[in-house]
Amino acid sequence: MPNLYIKFGERQFKSNNFFNAYIIFNHLSTTQKSITDLFKNNTDTEIAEQLSKKSKNIDNYLLKCSLQIYDKVNNLSIDFPDVIGYLFNQYTNKMLEFIISNDAVSFKNELKTFETISVYQTKNVEKTTHTEPSNGELCMLISPRIEYLTICGYACFWGDITKNPVWGGIIKDNFKIGYATDDLSKKAEELSSMCTLEKNLGILATSYRGLLHNTWETKFMDVVTRKDLLTYTVDSYGQEWLSTDNTLIKQFLGNAKLYSPSLSPLYEYYAVTILNTHLSDTNQYITARHWNER
C-alpha cells in the first residue's frame, strides 16, 4: 500500500499538482518516521535499508514539493504546515548522524539540499520578523544559517580529529559551488558577519535552540570519546595534555584536558577553517574566546 501512495504522489508531482503531492508526501514522511523509530533497534539490516531508502525518497519529494509551492503560500487562504521548519530539523539531525557515523558519501550528497533548506527556513522566520527586529528576533533570523554553518563546522572538526581530509574537502567544495572566484570573498564576508552578529548577541546560546546545540555536542563528544579520537599524555603531576600535531585542534580545544569539556561554537571552527581563507587580514573572523589567536 505505501508504494501505491508513493506512486500516486509522484504522478501528482509530475503533473505539476505540487500542493496535492505535498499533502501526500507530508503524511507519508510523518508516518515513515514513526515506523522507522519503531525499527530503530531492529537488527534486520535488510528492513533498515529498505526503510532508509523509502524515507529518503519520500523526503526528497517532500522538499521538491515544498520549494515549488513555498513562494505561493502567502497568497493562499489556508493554514500551511511548517514543512520547511520540519525538514530543517530533520536535516540538522540527519547531517550530524552522517558525521558521527563517518558516512562522508551521504553527507556530501545531502549537503547542498541542507543548505537550500537553511535558506528557506530563514525566509520562514523572516515572515514573522518586524521591520525593525529586536535582538532576539535578529538572532532567530540568522539562526538557520548559523546552524547550517555549525553542522559544517562539525564536519571540518571531525575530518581533522579523524585525520580524514575528505570531510574538509566536501565543505570547501560546497562553499565554492555557484560562485565565481571574485565573489567568494563577498560570500565569506556575508557569512562571517552572521557569525560575528551571533557571537556579539549571544542570544541563540540561551534559547531553546541553544539547548538543542548542547544535545548535538554531547552526542558528538560521546562518539569522540568512545572511539578514542582524542589522545592525551599524563605528566608527572597527573595533568593530562592533548597529544596531537594539529595546531588548529590544540587552539580549539586547548592543551589541557577538561573533565567537563565544552566546545567553542562549531560555527566558529567553520569560520576559521573556511571563511578566513577567503578574507583579508583586516576582515578575519575573530573567535569569542580568541582561540584562533593562541
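Phe220 touches Leu96, Ile99, Ile100, Tyr154, Phe157, Trp158, Ile161 and Leu263, leaving aside residues up to four places away in sequence. The model is a predicted one.

Phe220 also belongs to the largest nonpolar core, which has 73 residues. Within this core, Phe107 and Phe220 have the most contacts. Helix 6 gives the most to the core, with 12 residues.

## Confidence in the model

How confident is the predictor in the protein chain, as a mean pLDDT? The mean is 83, and 86% of the residues reach 70 or more.

Confidence is lowest in helix 3, residues 45–69, with a mean of 74. It is highest in helix 11, residues 266–273, at 96.

## Helices 4 and 6

Two packed helices are described by the angle between their axes and the distance between the axes. Helix 4 covers residues 83–100 and packs against helix 6 at an angle of about 5 degrees. Their axes lie 9 Å apart. Angles under 35 degrees count as roughly parallel, so helix 4 and helix 6 are roughly parallel to each other.

Which residues make the contact? Helix 4 supplies Phe88, Thr92, Met95, Leu96, Ile99 and Ile100. Helix 6 supplies Pro144, Glu147, Ile151, Tyr154, Ala155 and Trp158. Phe220 touches residues of this contact too, including Leu96 and Tyr154.

Is helix 11 largely enclosed or open? 8 of its 8 residues are buried, so helix 11 is largely enclosed by the rest of the structure. The buried residues are Leu266, Tyr267, Glu268, Tyr269, Tyr270, Ala271, Val272 and Thr273. They pack against helix 6 (135–161), helix 7 (165–176), helix 8 (181–201) and helix 10.

Ser264 sits in the loop between helix 10 (247–253) and helix 11. Ser264 is buried, because its relative accessible area is 2% and buried means under 20%. Beyond residues up to four places away in sequence, Ser264 touches Phe252, Arg289 and Trp291.

Take Cys152. Its sulfur is 6.9 Å from the closest cysteine sulfur, in Cys156. A disulfide needs the two sulfur atoms within 2.5 Å, so this pair is too far apart for a bond.

Cys152 is buried, with a relative accessible area of 1%. Cys65 is buried as well, at 0%.

Methods
Residues are numbered from 1 along each chain as its sequence is written. This is a predicted model: local features need pLDDT of at least 70, side-chain atom pairs count only at pLDDT 80 or more; totals for chains, interfaces and linings use all residues. Side-chain values use heavy atoms; hydrogens and water are left out. pLDDT is the predictor's confidence in each residue, from 0 to 100. Helices (H or I, at least four residues) and strands (E, at least two) are DSSP runs, numbered from the N terminus. Buried means under 20% relative accessible area, exposed over 50%, partly exposed in between (1.4 Å probe, protein chains only). Contact means heavy atoms within 4.5 Å. A nonpolar core is a set of buried Ala, Val, Leu, Ile, Met, Phe, Trp, Tyr and Cys residues joined through side-chain atoms within 4.5 Å. Axes are lines fitted to C-alpha atoms, for helices over the stretch in contact, and angles run from 0 to 180 degrees between N-to-C directions. Angles under 35 degrees count as roughly parallel, over 145 as roughly antiparallel, 65 to 115 as roughly perpendicular and the rest as oblique.
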